[in-house]
Every structure is written in C-alpha cells, then in structure tokens.
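Here's a quick tour of a predicted model. Have a look at the fold before reading on.

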Amino acid sequence: MIKSGGLVAFPTETVYGLGADGLNAEAAAKIFEAKNRPSFNPLILHVNSREMLDKVAVVEDERIEELIKNFMPGPLTLVLPKKGIVPEIITSGHPTVAVRMPANDIALKLIELSERPIAAPSANSFGFLSPTKAEHVAKQLGDKIDMILDGGETNVGVESTIIELKNGEFYLLRPGGLEPEKIESITGKLKRKEDNISPNSPGQLKFHYSTYKPIKFLDEDNISRITDKDGVLFFRKVLNSKAKYTRVLSEDGNLRKAATNLFKYLHELEESPAEIIYVERVPETGLGKAIMDRLTKATNKYLGNE
Ligand code: TXA
Ligand code: MG
C-alpha cells in the first residue's frame, strides 16, 4: 500500500502515525488532505536504520551522533539539514528535514518492507486529539485512508520530543516522549523554542491537540463548582467526588504513566456524556513538560469562550 502511494496508519511507541511514501510528493500530499492539515506544516520522515537516515539528512556534529546512538530508536525527532532526495512538500520548502526512528516493531517492519522512509504526522484530524489506539484513528480518519495497522495501545502516549541544532546550539521545538533532561546530558541546556527562528511547528501553535468539547484547567475556583455533568481528568486522585466522569492519570504520580494515559483518557472523556472537561495540572518536570504542553494547547482553544 505504501509503495503504491496509499495512506496507512500504523502504531509507533508515541502515537499512531498516518503514513505515506516519504519520497513520493503525491502520496505525501494525500496526508494533508486526509488530515485537513494546512500544507505549510512539514512532516517527520520515519526511518528504520542509520543508513536510511543518512539518505535523507546530513549528520555532521558529534553530539548528533551521540543522540542517535543513545536515543534511536526512540521518541526523539531530529531536525537536520536535508538531502536533495527529500521532496519539498515534506519540508514545506525548508532546508531542514525532521527524522525519527520509532521504537515499535510494526513501524520498523513497515518501513523495512516499504524500502523507503515513511512520512507520518499523528493520525488525527488537524487540531484534534492524537490517537493512541487504532480505534481512535478509525473514529477520526476511518473513511479517508486505505488501511490501519492495529498494534494495540501505544506505550509512550505523547508525540516525540523535537530538537534542532542551529548555529551550534540546540533548540527544543516540541517537548515530548523523551525527557529534555536526558537530551541535555548530551547537548547541554536546550534553548527554548521562543528564541528559535525556524519554521513554525503545529506543535508550536497556541492551540492544538484539543477535544471537540470545551476543556479547561481545574483551579481553586471551579473545583468546588463541579457537577455530575462534568468530566474531570485528575492527576493522582479524585479531588471532588461530585464529578461523575473521571479519570486519574497516575495514582502514584508517575509522569511516564500519566503521559501514556493522557490521550486515551481525553478520548474517553470526550466520548462520555460529560459536557465540559476539566483537567488538573501536573508538575512540569521530565514528561510533565510534554503533558502540560498538550493540556495548555488543548485548553487555549476554549479560553474566552465561557
Ligand atoms: O511521535 C511523533 O513525532 C508522531 C509519530 C507519528 O511519529 N508524529 C508527529 O508528527 O507528532 P506531527 O506531524 O503531528 O508533528 C511533527 C512536528 C510538527 O509540529 C512539524 O511542524 C515539525 O514536526 N517539523 C517537521 N519538520 C520540521 C522542520 N524541518 N523544522 C521544524 N519543525 C518541523
Ligand atoms: Mg500531531
């Protein structure tokens, strides 16, 4: 299906991707169509080997070598200078390409059998919740794509961490499934994306990853006003027993577990009869950064719409 230019959704360790032949501009264009995605957003190329990575991107820094050695396959995306073989539609005309090697056997096998890098954004409609199960993909894109490979639930649960090396310094373009602290042991302190002048990631848009129902942060005020019509995503425990539709991200406060459950529980609350979804903040260390990034963007969509 990939070789003939079709769209195949597949599991990765982070979220499900919507894949197409990464060297075929026409196939990649179908991704934007299916997702309803503004076409100025570049796509990540998924590779299964260092050889394939070298075919599409240039590696010429010791620290990049170290990152590849330590974290690939894994939830890390590197933005690197691109090679000529990569179609413009993949990079939106920019001189860099985003590359990652997913730590998922089905994904790696799919790339191997396709014999080319696979371009894949998260397999959701643009701006909505990312999919961590095949059912989530079917719900949003089922009638628009050729095939879904069902690999069960993804285990990281949030998208990859994206970094870029620019003029000798590393920038964090999107917090994600690999803790920034781990990356910094190799790169030194990551600069924040605000200081960065590279192309805008949807990951950098003010709102994104949202539910189709209103979603707000839980705070001191609204927590006492919760009713049985509300849904609440708590961090460690249920804090108001009037809430009827509730989920707890991780009872022992484990941020890795919380990240794994994040989109799954948001999908469940979105499908529940709850009219509004409240979400509790989590500590912003380790994977907490990626979780708060997703929640902030989800709630921003409904700010001022009360
Ligand atoms: O975990 C993931 O990364 C998942 C799975 C499917 O691999 N993919 C994913 O793709 O999250 P997507 O398209 O939803 O997000 C990719 C991000 C976008 O924000 C895009 O703008 C950014 O990567 N990106 C891609 N190429 C870039 C480039 N050359 N420079 C800067 N950002 C880039
Ligand atoms: Mg996405």
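## The S10–S13 pairing

Lysine 216 has tyrosine 278 as its bridge partner in S13. S10 and strand S13 (residues 276–279) run parallel and are joined by three bridges. Strands here are DSSP E runs of at least two residues and helices are H or I runs of at least four, numbered from the N terminus; two strands pair if DSSP finds at least two bridges between them.

Helix H9 (residues 288–300) packs on the sheet, where it touches S10 and S13, and its direction makes about 125 degrees with that of S10. Contact means heavy atoms within 4.5 Å. Axes are lines fitted to C-alpha atoms (for helices, over the stretch in contact), with angles from 0 to 180 degrees between N-to-C directions.

## The whole sheet

The open sheet has four strands with parallel pairing, in the order S10-S13-S11-S12. Strand S10 (215–217) and strand S12 (245–248) each have a single partner strand, so one side of each has no neighbour in the sheet.

## Nonpolar cores

The largest nonpolar core has 53 residues, of which Leu53, Leu67, Leu78 and Ile163 touch the most other members. A core is a set of buried Ala, Val, Leu, Ile, Met, Phe, Trp, Tyr and Cys residues joined through side-chain atoms within 4.5 Å, buried being under 20% relative accessible area (1.4 Å probe, protein chains only). Helix H1 (residues 25–35) gives the most to this core, five residues. Another core, of 29 residues, lies apart from it and includes Leu255 and Phe263.

## Ground rules

Residues are numbered from 1 along each chain as written, and chains are lettered from A and ligands numbered from 1 in written order. Local features need pLDDT of at least 70 and side-chain atom pairs 80 or more, while totals for chains, interfaces and linings use all residues; side-chain values use heavy atoms, leaving out hydrogens and water.

Definitions and conventions
Buried means under 20% relative accessible area, exposed over 50%, partly exposed in between (1.4 Å probe, protein chains only).
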